[in-house]
Amino acid sequence: MINADSLDSTIIKTFRNSGYRATPQRIAISRYILCNHEHPSAQKTYQEVKKTHPTVSLATIYTTIKILKKTGLICELKLPQSQTRYDPNTEPHAHLVCLQCGSVTDWMDPIMQKLVKNVSSKANFTVIGSSFDLEGICALCGRRAKDALKSASPPAESISAE
């Protein structure tokens, strides 16, 4: 796992090498998104960063996200039925999207990297990004649904012997 000083150094270097100022707000925004594997939205990022940087604006959030995307530090996820979310994992992988609670989980499998490599070489195509989303119901929501069905079922009638 990357330590905070190393991450901040990477963020600062990336901003400066791209011609942008590395302000404390931009560093905090970048740190939050890059350390968050729940794929936060801009709104969620704003709510969280505002706790430590009360003067941060939503415009600064969007500008910073734009820079992070441009420099390749994050990917944008346009998911059905939800706000645009952001992923710090730029390696080829799938997303498991729960249609019930909206959670997004990364699914890493070596086959994804092989697929991208195969497409690149056989189709003479330079892949610069990929998105593979699997929609369904997560285990937690599945358990909740089963529990709700159990509690909604009428109690079994007792059979009396006469």
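What percentage of the 162 residues in the protein is buried?

## Burial and surface

In this predicted model, buried residues account for 30% of the 162 residues. The accessible surface of the protein is about 11100 Å², and carbon and sulfur atoms contribute 55% of that surface.

## Secondary structure and overall form

The protein contains six helices and five strands. Their order along the sequence is α-α-α-α-β-β-β-β-α-β-α. The protein is more spread out than a compact globule, because its radius of gyration is 22 Å, well over the 15 Å that the globule rule gives for 162 residues.

The dimensions of the C-alpha trace can also be stated: along the principal axes of the protein, the trace spans about 90 × 50 × 30 Å. Among the contacts with a separation of 6 or more, 46% are made by residues 24 or more positions apart.

Strand β3 covers residues 94–98 and strand β4 covers residues 104–107. The two strands pair in the antiparallel sense, and four bridges join them. In one of the pairings, L96 has T105 in β4 as its bridge partner.

Five residues lie between the strands of this hairpin. In the hairpin, G102 adopts a positive phi near 85 degrees. As a general point, the side chains of a regular strand alternate between the two faces of the sheet.

## Charged side chains

The protein carries 20 positive and 14 negative side chains. The centres of these two sets lie 12 Å apart.

Notes. Residues are numbered from 1 along each chain as its sequence is written. This is a predicted model: local features need pLDDT of at least 70, side-chain atom pairs count only at pLDDT 80 or more; totals for chains, interfaces and linings use all residues. Side-chain values use heavy atoms; hydrogens and water are left out. The radius of gyration is taken over C-alpha atoms; the globule rule is 2.2 Å times the number of residues to the power 0.38. Buried means under 20% relative accessible area, exposed over 50%, partly exposed in between (1.4 Å probe, protein chains only). Contact means heavy atoms within 4.5 Å. Accessible areas come from the Shrake-Rupley method with a 1.4 Å probe; for residues, only the protein chains shown count as cover. Lys and Arg count as positive and Asp and Glu as negative; His and the chain ends are not counted. The place of a charge is taken as NZ of Lys, CZ of Arg, CG of Asp or CD of Glu. Two strands pair if DSSP finds at least two bridges between them.
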